[in-house]
Amino acid sequence: MRLGLLGAALILLLAPPALAQSCPRGDSKWSDGEYDAWRILCAGQTLDVTPPYGRMEPPLPGQPVAPNVLSAAFVRTILTVEPYASALPSVHIVGAIVTGVLDLSGLAIRPDVLFNDSHFLEGVVLDEVRAAGTWAFVHSYLPKPLYARGANIAGGFSLAESFAAEGIDLSGLVVNGDVVLRYLETRTLLADGLTTGAQLDLAQVTVGTREIALSGARIGSDAVIAPSAAVRAVNLAGATI
């Protein structure tokens, strides 16, 4: 059958986009929103799922899953399980609600990972993670603890402008780049033995216990240690800057 140039052009126009061919097929356990999220992230684009008027409402049992609700299992899969992990150039997610504990303990993470304006309902565990890029939780909400004990991050690490209701534990965390905790609000902040290859930024950090634990910390370049007036003590025993 002869289609001619016009027919061939129409076939090209109607063919599936390159994204559908190059990105691995989504897992059957994913929600519709997670399928869509995967296609956007795999294309190297920012996933902005901020709900109307910015209302971050937790999912209710029996109700349809909102597009901005991502399971911790989904996030873990795309970051650590092949063929998804090697297909991701980076991860930038805005306005998500992550359900379940995001537990990446001891795993290797290749891409940069940045969450903006996101909620992590059951907490984040990055203990002993080996990250090749940067990790950041910016202007995000963590009602449960975030742990990054003994993790090794080749890029930077940020919790800037975030709120952690139950505390942050960065004990033994090694970061080659900057550690930015500027305007972080948290109940406790433990960072004994923290190592950063560049700057440590604690500007306007607020801690419920009024003390920041940084004993034995090793700061590569300089430190901005100017927490809010609510913080009365910064324990720098044995620290080097």
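This is a predicted model: local features need pLDDT of at least 70, side-chain atom pairs count only at pLDDT 80 or more; totals for chains, interfaces and linings use all residues.

Colleague: How many salt bridges does the search of the whole structure find?

Modeller: The search finds three. In one of them, the side chains of Asp201 and Arg182 meet at 2.8 Å, N to O.

Colleague: Is Asp201 buried or exposed?

Modeller: Asp201 is buried, because its relative accessible area is 5% and the cut-off for buried is under 20%. Arg182, at 34% relative accessibility, counts as partly exposed.

Colleague: Which residue forms a salt bridge with Asp127?

Modeller: The partner of Asp127 is Arg149, and the closest N and O atoms are 2.6 Å apart. This pair links distant parts of the chain, 22 residues apart: Asp127 is in the loop between strand E9 (124-125) and strand E10 (130-131), and Arg149 is in the loop between strand E13 (146-147) and strand E14 (152-153). Asp127 is buried, with a relative accessible area of 13%, whereas Arg149 is partly exposed at 33%.

Colleague: And what about Glu166?

Modeller: Glu166 forms a salt bridge with Lys144, with 3.7 Å between the closest N and O atoms. Here too the pair links distant parts of the chain, 22 residues apart, with Glu166 in the loop between strand E16 (163-164) and strand E17 (168-169) and Lys144 in the loop between strand E12 (141-142) and E13. Glu166 is partly exposed, with a relative accessible area of 33%, and Lys144 is partly exposed at 32%.

Colleague: Turning to the fold, how many helices and strands are there?

Modeller: The chain has five helices and 28 strands. Eight of the strands form an open sheet with parallel pairing, in the order E1-E3-E7-E11-E15-E19-E23-E27. Its edge strands are E1 (47-48) and E27, each of which pairs on one side only.

Colleague: Where in that sheet does Trp135 sit, and what stands opposite?

Modeller: Trp135 stands opposite Phe157 in E15. Strand E11 (residues 135-138) pairs with strand E15 (residues 157-158) in the parallel sense over two bridges.

Colleague: Which residues of H3 are buried?

Modeller: In helix H3 (residues 32-42), the buried residues are Gly33, Glu34, Ala37, Trp38, Leu41 and Cys42. They lie on the same side of H3 because they cover an arc of only 155 degrees around the axis. In general, an α-helix has 3.6 residues a turn, so residues three or four places apart point the same way. After H3 comes Gly44, with a positive phi near 80 degrees.

Colleague: Which residues form the nonpolar patch on the surface?

Modeller: The patch consists of Ile225, Leu236 and Ile241, which together have about 240 Å² of accessible area. Ile225 is in the loop between strand E27 (223-224) and strand E28 (233-235), and is partly exposed, with a relative accessible area of 31%.

Colleague: Lastly, what does the chain span along its principal axes?

Modeller: The C-alpha trace spans about 80 × 40 × 30 Å. Of the 241 residues in the chain, 43% are buried. The chain exposes about 11,800 Å², with carbon and sulfur atoms supplying 56% of that area.

Technical notes: Residues are numbered from 1 along each chain as its sequence is written. Side-chain values use heavy atoms; hydrogens and water are left out. Buried means under 20% relative accessible area, exposed over 50%, partly exposed in between (1.4 Å probe, protein chains only). Helices (H or I, at least four residues) and strands (E, at least two) are DSSP runs, numbered from the N terminus. The arc is that of the directions from the helix axis to the C-beta atoms. Patches are made of residues with over 30% relative accessible area and no salt bridge: like charges are joined within 9 Å, nonpolar side chains (Val, Leu, Ile, Met, Phe, Trp, Tyr) within 5 Å. Accessible areas come from the Shrake-Rupley method with a 1.4 Å probe; for residues, only the protein chains shown count as cover. A salt bridge is a side-chain nitrogen of Lys or Arg within 4 Å of a carboxyl oxygen of Asp or Glu. Two strands pair if DSSP finds at least two bridges between them.
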